[in-house]
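Here is a short briefing to read alongside the model.

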Amino acid sequence: MVDVTALQPAVPVIGRLVVVGLGLIGGSFAKGLRESGLCGEVVGVDLDPQSRKLAVELGVVDRCEADLALACQGADVIQLAVPILAMEKLLALLAGMDLGQAILTDVGSAKGNVVRAAQLAFGGMPARFVPGHPIAGSEQSGVEASNAQLFRRHKVILTPLEQTDPAALAVVDRLWRELGADVEHMQVERHDEVLAATSHLPHLLAFGLVDSLAKRNENLDIFRYAAGGFRDFTRIAGSDPVMWHDIFLANREAVLRTLDTFRSDLDALRDAVDAGDGHQLLGVFTRARVAREHFSKILARRAYMETAMNADELTFLASPGGRLSGQIRVPGDKSISHRSIMLGSLAEGVTEIEGFLEGEDALATLQAFRDMGVVIEGPHHGRVTIHGVGLHGLKPAPGPIYLGNSGTSMRLLSGLLAAQRFDSVLAGDASLSKRPMSRVAKPLREMGAVIETGPEGRPPLTIRGGQVLKGMAYSMPMASAQVKSCLLLAGLYAEGKTSVTEPAPTRDHTERMLRGFGYPVEVAGATASVEPGHALIATHIEVPGDISSSAFFLVAASIAEGSELLLEHVGVNPTRTGVIDILRLMGADITLENPRKVGGEAVADLRVRAAALKGIEIPEALVPLAIDEFPVLFVAAACAEGRTVLRGAEELRVKESDRIQVMADGLLALGVKCEPTPDGIIIDGGPIGGGEVHAHGDHRIAMAFSVASLRAAAPIRIRDCANVATSFPNFLTLCAHVGIRVAQEAQL
Ligand code: S3P
């Protein structure tokens with residue numbers, strides 16, 4: 001096999017490239033490669049004498065031939081860039097020639113028919129034929145429009161077959177990459193399905209709509225009233241009719257499949273309009289809008305425009321020093337935001353939410369409920385309107401529910417979905433896929449649920465619906481609010497009473513919010529219980545600021561000399577304030593001002609002033625009450641005088657990352673003396689140096705090291721920070737506002 005990557009562009013990788021068909025695509029391919037110096041000679045073939053002449057004059061090729069056989073003599077690669085319906089004839093001609101070891105490739109917009117034509121012509125698919133499709137074009141056509149840059153940052157899809165020679169594939173791949181294309185490999189059938197849905201169907205609709213309107217309005221007068229929407233929707237009806245006629249004939253089966261699905265969805269919309277079913281219409285429109293925003297982001301970031309950037313390439317650069325001042329409001333509480341979507345969806349009536357956290361985790365929950373048929377408007381500046389469907393109104397999601405990085409979504413949803421009549425599959429990103437799910441699967445199975453997990457109890461979860469769950473009394477082996485909430489949600493549907501006893505207090509937002517929706521919850525000591533047979537009634541929810549996000553600023557203002565900061569409207573539910581207690585034990589100066597109750601949750605403004613911190617033994621009872629705040633508490637410990645010891649916190653090893661190990665690695669890299677233990681860490685306060693640390697995709701690690709920079713002697717470079725968006729999308733903006741000098745490192 002040729003190792004094409006080892007070859008340098010200055011030395012030709014192939015001797016002779018032959019391009020058959022000198023239109024826009026063929027001409028641009030030839031011109032780009034000729035300029036690259038990757039081919040010894042570029043030869044063009046075209047039926048049209050004028051195109052041949054122009055191709056040489058414009059420097060698109062080195063020479064041109066009218067005769068195919070003559071041109072292909074001694075060719076190393078032959079690119080077939082003729083109209084798709086001319087391909088059959090061309091392949092038959094090529095099959096009759098001696099092509100030696102030449103590699104064949106093509107640019108047709110449908111691949112199944114090209115492969116069939118090649119099989120017919122050659123009596124089987126030649127191993128050295130690599131089917132391809134550049135997704136690029138322009139309004140211009142002809143060899144005179146040839147543009148060496150045409151494929152730069154555009155996708156090119158290669159559809160090798162099983163028998164395709166890997167060396168041939170590697171050469172074709174290399175040629176496209178040389179032109180700046182973003183090359184992907186895909187199966188023939190998949191390619192044709194994808195293109196039918198995303199390109200061919202929209203063209204059919206645009207041509208069809210314009211024609212339908214035009215032929216009913218002979219003087220075309222109605223178009224005088226057409227505004228931007230019509231123009232945008234029908235822009236592609238200006239495309240080349242002959243080329244599109246070819247494509248629909250070539251990709252007939254895949255187009256028919258996607259068209260039939262679309263027709264039945266269109267009929268459903270028609271029925272909704274006919275029946276005056278505004279709820280159904282709003283559901284379709286809100287889902288479509290979100291889907292569009294989602295793929296616009298994908299398009300803007302990767303597919304056609306920019307070079308691909310992997311999430312783990314997002315790096316923060318934190319400059320040393322600084323002092324905090326001012327007044328800020330951190331985004332809404334993540335735990336409460338998740339629960340507001342879940343309970344609002346299961347309620348009867350319309351629930352309004354304010355202060356909703358527009359971070360990726362809570363949005364994953366929101367999208368999951370949209371997928372299950374709930375109409376949810378927003379979020380817009382933290383406002384969300386949920387048209388609840390009642391406890392029994394969820395519908396099966398159309399496919400697996402993707403929950404990104406969010407453990408809370410997966411664990412809480414598993415309890416709820418175990419009790420539904422339909423099956424569900426829950427999946428997540430690489431980090432979530434490593435996290436333990438047996439802690440929920442096991443007790444749910446004891447209640448009668450049927451759940452399959454991946455190996456070692458990890459995601460994905462396949463949940464079989466239609467089971468009758470039985471309430472039970474469960475004593476949790478670990479202090480987990482997620483497990484407790486999961487079982488209470490299942491308990492809303494189970495026969496009899498479901499009770500959960502916790503070994504230590506954990507956040508009680510689920511219990512509080514259930515009551516807020518009018519659902520009775522009994523709490524006796526460490527045990528919370530629910531019974532079935534009640535309903536959730538829609539309500540208004542104001543989500544307080546997240547104390548877990550505030551924690552970064554509580555530590556930042558404590559460790560940076562001369563700081564004073566006010567954090568407004570922070571949730572101070574007593575099951576969440578462990579971070580304040582621990583920091584105060586270390587000597588921090590934090591005061592709660594203007595304490596109040598908002599919708600069943602305690603809220604206050606937090607004033608924090610810099611203080612000299614000292615090392616402590618962290619009381620184990622406080623661990624579950626500060627479970628998410630340890631990464632930044634470790635930074636506080638590194639800045640404290642003396643030793644801080646944490647024990648009883650093994651749960652930290654199964655969070656978004658192994659937070660004990662990852663923090664220890666980072667602190668050691670910055671010269672802090674520390675030692676991880678199986679269930680905690682020992683940290684000796686002292687000077688912090690600069691350097692590079694890795695956040696391992698864990699949002700709280702990335703933010704904790706940003707805070708550490710305030711006391712660092714040199715800049716800290718923090719890698720793999722994209723997941724800060726899961727819980728704190730405007731973190732960098734708020735840092736800049738109060739005086740923490742951390743920013744996204746400029747992309748090269
Ligand atoms: C959460 C509970 C905690 C916490 C997580 C959110 C919740 O997890 O770490 O970030 O919203 O219930 P555990 O309950 O697994 O400790």
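Leaving aside residues up to four places away in sequence, Q482 is in contact with G407, T408, R411 and L412. Please keep in mind that this is a predicted model. Q482 also belongs to a set of positions that an unreviewed UniProt entry lists as "binding site".

- Q482 is part of helix α16.
- With a relative accessible area of 16%, Q482 falls under the 20% cut-off, so Q482 counts as buried.
- S480 sits in the loop that runs between β19 (473-475) and α16 (481-491).
- S480 is buried too, because its relative accessibility is 7%.
- Not counting residues up to four places away in sequence, S480 touches R439 and T506.

**The annotated site**
- The "binding site" positions in the unreviewed UniProt entry are K334, S335, R339, S480, Q482, D628 and K655.

**Helices α12 and α13**
- Two packed helices are described by the angle between their axes and the distance between the axes.
- Helix α12 covers residues 334-346 and helix α13 covers residues 360-371; their axes come within 9 Å and cross at roughly 10°.
- Angles under 35 degrees count as roughly parallel, and α12 and α13 are therefore roughly parallel to each other.
- On the α12 side, K334, S337, H338, I341, M342 and S345 take part in the contact, meeting D361, A362, T365, L366 and F369 of α13.
- The residues of this contact comprise five nonpolar, four polar and two charged.

Definitions and conventions. Residues are numbered from 1 along each chain as its sequence is written. This is a predicted model: local features need pLDDT of at least 70, side-chain atom pairs count only at pLDDT 80 or more; totals for chains, interfaces and linings use all residues. Side-chain values use heavy atoms; hydrogens and water are left out. UniProt positions are given in the numbering used here, feature names are shortened, and annotations may be inferred rather than shown by experiment. Helices (H or I, at least four residues) and strands (E, at least two) are DSSP runs, numbered from the N terminus. Buried means under 20% relative accessible area, exposed over 50%, partly exposed in between (1.4 Å probe, protein chains only). Contact means heavy atoms within 4.5 Å. Axes are lines fitted to C-alpha atoms, for helices over the stretch in contact, and angles run from 0 to 180 degrees between N-to-C directions. Angles under 35 degrees count as roughly parallel, over 145 as roughly antiparallel, 65 to 115 as roughly perpendicular and the rest as oblique. Ala, Val, Leu, Ile, Met, Phe, Trp, Tyr, Cys and Pro count as nonpolar, Asp, Glu, Lys and Arg as charged, and the others, Gly among them, as polar.
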